[in-house]
Structure formats: structure tokens, C-alpha cells
Amino acid sequence: MRVLFASSNRGKLLELKVALEPYHIEILGPEEVLGAGQALPEVDEDSPDYEGNALKKARSAARHCAARGIKVSVLADDSGLEVDALGGAPGVLSARFGGVNASAADNRAALRSALSPKQVSAASVRFPARFVCLLVLIQSHGSEIIVRGLLEGAIHLEDRGSGGFGYDPMFEVGNTGKTLAELKQHGIEPQTHRTIAAALLVEKLGLASAAAV
């Protein structure tokens, strides 16, 4: 199955490519489907929840391809970080927590700033949190599949590790004692909210046994 990933985020694309390739699902970037130098239309991610934003991106990309006679399935993601001490923020605003055009470093700095006043003791250095990934697949025949992946862990105020992207240097996975960035730095492909969602998508497609073929 050829699938257009409706995003220019290389980190997300590579995670999904690795997770889905064993099931004969080929994840392609916009230029691989539309042509060199071509991009998908910008989508205003103004929904208050992940599902609404992912649906908007998937449907926009599907319409764009259909208008050009391109028959391909489309996959879109909306994901975020939810920190209990911040009432679930930054949530759907994770990609722009530090401002509209914020870099990953800007977003991490904004998160540190928001959490620092809540560090009342050494014990509160570790803030319970989770990564959430909502995937929407629109198949080439039009049916929609929606799955949600969760990865529990905690946020630390300092960056640790040089692998990964986004908030990975601040997010410690479960009780591993390692951030996602530290795990990825050493060549480990850890389970993430995105790969968890991808596994659920495989189940919904009935492809769980395809990797053994």
C-alpha cells in the first residue's frame, strides 16, 4: 500500500516509515507523490483536539491529490505533549508552545519556563506527562480509520540526549531513566506514541501477520 504522509516533518515521517514498512505499507513524503518542489496546501490547525486537526490535514491532502488525479491513501498525524502539572498543556499547541514560528528549542524553553515555578522541591523535578499521537488514514477508496497512541513518562527541566526531535530531550520514557533523545542517540528505536498508534493502525487494517510474509 502506498501512503502519502500529509506532513513535511522528516522526524515523524521516518518514525512511521520504519514502523509500517514491515507490513508492506510504503510511507511517502509530499514531494515523492506530488513531484519535486511541490507541497500540500497549508491547513489551519484550529481544532481544540488532536482528532479534529488530523482529520482536517488528511481530508485536505486527499482532496488535493484527487483534484490532480493522484490515487493514493493519505495518512495524517496530530500529536502533542500533555503535562499533568500544566493541566494537560501544551496539548494541541505543542508545536507552537513557544510562539507561532517557534523552533523545537523555543518550545522546550517555553515548557521549562512554565514548569519552573511549579518545582517546589527536588522531588518535583520529574513532572508526570504523556505523548499523544492521533493518526487518521484515508484509504484510496475513501474510508477513514482513526487510532490514538499514548506514551506515558515524565518531563525533566534539562535536555538530555542528542537524538530525536521536538520535546524528546526532555521526555523520560516510563521508568527507563532515559529520555527519548538518549535512547535514539544510541541507535535504539524505542517505542513512541507514534509507533504505538502505527501498531494500532496495522491491527485495524488486518495486517498484523503481514510482517511474517
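Pro 90 sits in strand β4, which covers residues 90-91; strands here are DSSP runs of E with at least two residues, helices are runs of H or I with at least four, and both are numbered from the N terminus. Pro 90 is joined to Ala 89 by a cis peptide bond, with omega at about 0°. This is a predicted model, where local features need pLDDT of at least 70, side-chain atom pairs count only at pLDDT 80 or more, and totals for chains, interfaces and linings use all residues. Residues are numbered from 1 along each chain as its sequence is written, and side-chain values use heavy atoms, with hydrogens and water left out.

**Backbone points to look at**
- Most residues other than glycine have a negative phi, and most peptide bonds are trans.
- His 24 has a positive phi, near 60°, and is not a glycine.
- You will find His 24 in the loop between α1 and β2 (26-28).
- With a relative accessible area of 48%, His 24 is partly exposed (buried means under 20%, exposed over 50%, partly exposed in between, using a 1.4 Å probe and protein chains only).

**Where α1 meets α6**
- Helix α1 (residues 10-20) packs against helix α6 (residues 193-205) at an angle of about 40°, and their axes are 9 Å apart (axes are lines fitted to C-alpha atoms, for helices over the stretch in contact, and angles run from 0 to 180 degrees between N-to-C directions).
- That angle makes α1 oblique to α6 (under 35 degrees is roughly parallel, over 145 roughly antiparallel, 65 to 115 roughly perpendicular, and the rest oblique).
- Lys 12, Glu 15, Leu 16, Ala 19 and Leu 20 of α1 meet Arg 194, Thr 195, Ala 198 and Val 202 of α6, contact meaning heavy atoms within 4.5 Å.

**The largest nonpolar core**
- This core has 20 residues, and Leu 4 and Val 136 have the most contacts inside it (a nonpolar core is a set of buried Ala, Val, Leu, Ile, Met, Phe, Trp, Tyr and Cys residues joined through side-chain atoms within 4.5 Å).
- Two or more residues each come from α2, α3 (50-67), β3 (73-83) and β5 (127-138).
- The largest share, six residues, comes from α3.
- Leu 34 lies in helix α2 (residues 30-34).
- At 17% relative accessibility, Leu 34 counts as buried.
- Beyond its neighbours within four places in sequence, Leu 34 is in contact with Ala 39, Leu 40, His 64, Cys 65 and Ile 70.
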